[in-house]
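Dear colleague,

I am passing a structure on to you with this email, and below it I have written out what was found in it. Please keep the sequence and the 3D view open while you read.

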Amino acid sequence: CSLTENTYPGNIYISDQAVYFHSYFNDSIMFFGGEGTKFKIDLRDIKHVSKAKNALIFDNSLEIILFNKEKLFFTSFLNRDNAYRLILNQLRRIRNE
């Protein structure tokens, strides 16, 4: 997938406590190497997740809205529906604890 804020191609990882994003790229790295871009989104910080379209035609994106009103838009998923279902299942589980 790709984080559209910076259009860094990378991977999203979903655990029982958080959603992680990792890319080998950042503003100063255009080729492999270095730290790249990494961040963690605690599931408890996620207010809403929804399926979205990129450029109004590509049905391969997710939008995550946090309680602090920050919006994260991930696109170019190969398995967007699986990621969406997994995040929803983890949110339901954590909110029922």
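Of the 97 residues of the chain, 41% count as buried, where buried means under 20% relative accessible area, exposed means over 50%, and partly exposed covers the range in between, with a 1.4 Å probe and protein chains only. The chain exposes about 6,200 Å², and carbon and sulfur atoms supply 52% of that area; accessible areas come from the Shrake-Rupley method with a 1.4 Å probe, and for residues only the protein chains shown count as cover.

Please keep in mind that this is a predicted model, in which local features need pLDDT of at least 70 and side-chain atom pairs count only at pLDDT 80 or more, while totals for chains, interfaces and linings use all residues. Residues are numbered from 1 along each chain as its sequence is written, and side-chain values use heavy atoms, with hydrogens and water left out.

The fold and its helix

The chain has 1 helix and 8 strands, and along the sequence these follow the pattern β-β-β-β-β-β-β-β-α. Helices (H or I, at least four residues) and strands (E, at least two) are DSSP runs, numbered from the N terminus. Among contacts between residues at least 6 apart in sequence, 33% join residues at least 24 apart, a contact meaning heavy atoms within 4.5 Å.

Helix 1, residues 80–95, has 16 residues and reaches 22 Å from its first C-alpha to its last, which is close to the 22 Å expected at 1.5 Å a residue; the expected span is 1.5 Å times one less than the number of residues. Which residues of helix 1 are buried? They are R80, A83, Y84, I87, L88, Q90, L91 and I94.

Salt bridges

A search of the whole structure finds 4 salt bridges, each defined as a side-chain nitrogen of Lys or Arg within 4 Å of a carboxyl oxygen of Asp or Glu. In one of them, the side chains of D59 and R80 meet at 3.2 Å, N to O. This pair links distant parts of the chain, since D59 is in strand 7 and R80 is in helix 1, 21 residues apart. D59 counts as partly exposed at 47% relative accessibility, whereas R80 counts as buried at 8%.

R80 also forms a salt bridge with D81, the closest N and O atoms being 2.9 Å apart, and D81 is partly exposed at 32% relative accessibility. Salt bridges that share partners join K51, D59, R80 and D81 into one network. Elsewhere, D42 forms a salt bridge with K40, with 3.5 Å between the closest N and O atoms, and D42 is partly exposed, with a relative accessible area of 31%.

The loops

In the loop between strand 5 (37–42) and strand 6 you will find R44, which is exposed, with a relative accessible area of 52%. Leaving aside neighbours within four places in sequence, R44 is in contact with F67, I94 and E97. The C-alpha atoms of R44 and A18 are separated by 8.1 Å, although these residues are 26 apart along the chain.

The loop between strand 6 and strand 7 holds I57, which is exposed, with a relative accessible area of 59%. Together, L56, I57 and F58 form a nonpolar patch on the surface, with about 380 Å² of accessible area. Patches are made of residues with over 30% relative accessible area and no salt bridge, with like charges joined within 9 Å and nonpolar side chains (Val, Leu, Ile, Met, Phe, Trp, Tyr) within 5 Å.

Finally, please look at the backbone angles of two loop residues. K69, in the loop between strand 7 and strand 8 (71–75), has a positive phi of about 80° although it is not a glycine, and K69 counts as exposed at 66% relative accessibility. S76, in the loop between strand 8 and helix 1, has a positive phi of about 65° and is not a glycine either, while its relative accessibility of 39% makes S76 partly exposed.
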